[in-house]
Amino acid sequence: MKKNLMITFCLALFAFATSAQTTDLARVEYLRLPFSKSDNSINRYRALVQVPIPLDKEKKRLFVIGLEYRYVDINIEDAEDVFAFNKNLVTSTQQMDAYLGYVWKPNDDWRFGVKGGVKIQSDFEGSMVSDDFIYEVGAYAIKDKKKNPEEGKKPYRFIAGLTYSTTPGRWYPLPILNYYKEFHPNWTYTLGVPKTNVRHYLNDTHKDALQAFLTLDNVYANIQQNFVPISDQNSEAKLAESIQMTIGLVGLGYEHFFTDHLLFYGYAAHSVYNDFRLEDGDGKKIYKINTENSPYFRAGFKFKY
C-alpha cells in the first residue's frame with residue numbers, strides 16, 4: 001500500500017512539474033516501449049509549443065501560452081489481454097493540453113509563476129464527455145543562480161511550488177521540488193520529480209553530453225465506452241473507465257547541441273517499476289495488462305529558451 005501511494009504521489013507531480021521546470025519553446029518526440037515477455041507495445045508521438053510574451057522591456061513579466069499534443073499507439077496482441085478486452089480493444093489514445101501562465105521577476109534571484117490549464121485525455125471512441133477533461137492549477141517559485149552564483153558557491157537553481165488537478169483518485173494539492181547544481185567543471189546534477197540525473201559534458205563548449213538518470217513516465221486516458229474486462233482479476237465485474245501506465249526508469253541519455261538553443265536528445269532505459277492497467281472510476285486497478293520490467297527508448301528535438 002505504501003509503495004502504491006509513493007508511486008501515485010510521484011506521478012501526480014509529473015505533468016505540472018515538467019511544464020513548470022522546462023525552458024522548452026518547442027519539442028517533437030518519439031517513444032518506443034516494447035513490453036518484455038509480451039507481444040504488447042506502445043508508441044507515443046509528442047509535440048509541444050510554449051510561447052512567452054514579454055509584458056515589459058526588461059522581460060521581468062511574461063505571459064505564457066502553452067500547447068501540447070500526444071498520440072499514443074497501443075498494440076495489445078497477447079491472447080489473454082485480447083480476450084479480457086473482448087470487443088473493446090483500446091488501440092490509441094490522444095492527449096491535448098492548453099494552458100496559460102504568468103511569470104514575474106521581482107529581483108535578480110527569484111522568479112514566481114502561476115499557471116492554469118486543461119487536458120483532454122481520451123480514446124475518442126465517441127463525442128467528448130466530461131470525464132475526458134482534467135483541470136489543473138499551480139504556483140511555483142524559482143531561485144536561479146546558474147549565471148551569477150554567490151561568491152564561493154557553485155551555480156545552482158531551486159524550484160518549489162504547489163499543484164492541484166482533478167485527476168481521478170487525487171483530490172489534494174501536492175508539492176513540487178527540484179534542485180540543480182553544477183558541482184564540477186562539465187558536471188551537473190538534478191534532484192527532483194519527474195527526473196533525477198547526473199550529466200557530464202564531453203567538451204568545454206558543451207556541445208555534447210552524456211547523462212545517467214532516474215525518471216518517471218505515464219500514460220492516462222479516459223475510456224469513453226466503459227466495459228467490464230473478462231478476467232479472474234476482475235472478479236467483482238467492475239467497469240473499466242480509464243487505461244493507464246505508470247513506469248519508473250533507470251537509463252542513459254545523450255544530447256547534442258546544434259546551437260545554444262537547438263538540440264537532439266536520445267534516451268535508452270529499462271524500467272524498474274511497470275504498471276500498465278485498467279482502472280475503475282474510483283482509481284482502483286481492476287485489470288493488469290503488463291507489469292514486466294521492459295526496455296524503453298525515447299528521442300527527439302527541442303528548441304530551448
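This is a predicted model: local features need pLDDT of at least 70, side-chain atom pairs count only at pLDDT 80 or more; totals for chains, interfaces and linings use all residues.
1. Two strands count as paired if DSSP finds at least two bridges between them. In strand E15, Phe303 is the bridge partner of Leu262.

2. Strand E13 (residues 262-279) runs antiparallel to E15, with 9 bridges between them.

3. E15 has another partner. Strand E1 (residues 24-34) pairs with strand E15 (residues 295-304), again in the antiparallel sense, over 8 bridges. Within E15, Lys304 stands opposite Asp24. So E15 pairs with E1 and with E13.

4. The largest cavity holds about 60 Å³ of space.

5. Which residues line the largest cavity? They are Arg44, Arg70, Val72, Thr93, Gln94, Gln95, Asn218, Val219, Tyr220 and Ala221.

6. Which strands each supply at least two residues of that lining? Strand E3 (61-75), strand E4 (92-104) and strand E11 (208-227) do. E11 gives the largest share, 4 residues.

7. Arg44 and Arg70 are in the lining, and Arg counts as charged. Val72, Val219, Tyr220 and Ala221 are also there; Val, Tyr and Ala count as nonpolar. Thr93, Gln94, Gln95 and Asn218 line the cavity too, and these fall in the polar class.

Conventions. Residues are numbered from 1 along each chain as its sequence is written. Side-chain values use heavy atoms; hydrogens and water are left out. On a 1 Å grid over the protein atoms alone, a cavity is a set of points where a 1.4 Å probe fits but cannot get out, and a pocket is an open set with protein on both sides within 12 Å along at least five of seven lines; lining residues have an atom within 4 Å of a point. Grid points are joined across faces, edges and corners, and a volume is the space filled by probe spheres set on the points.
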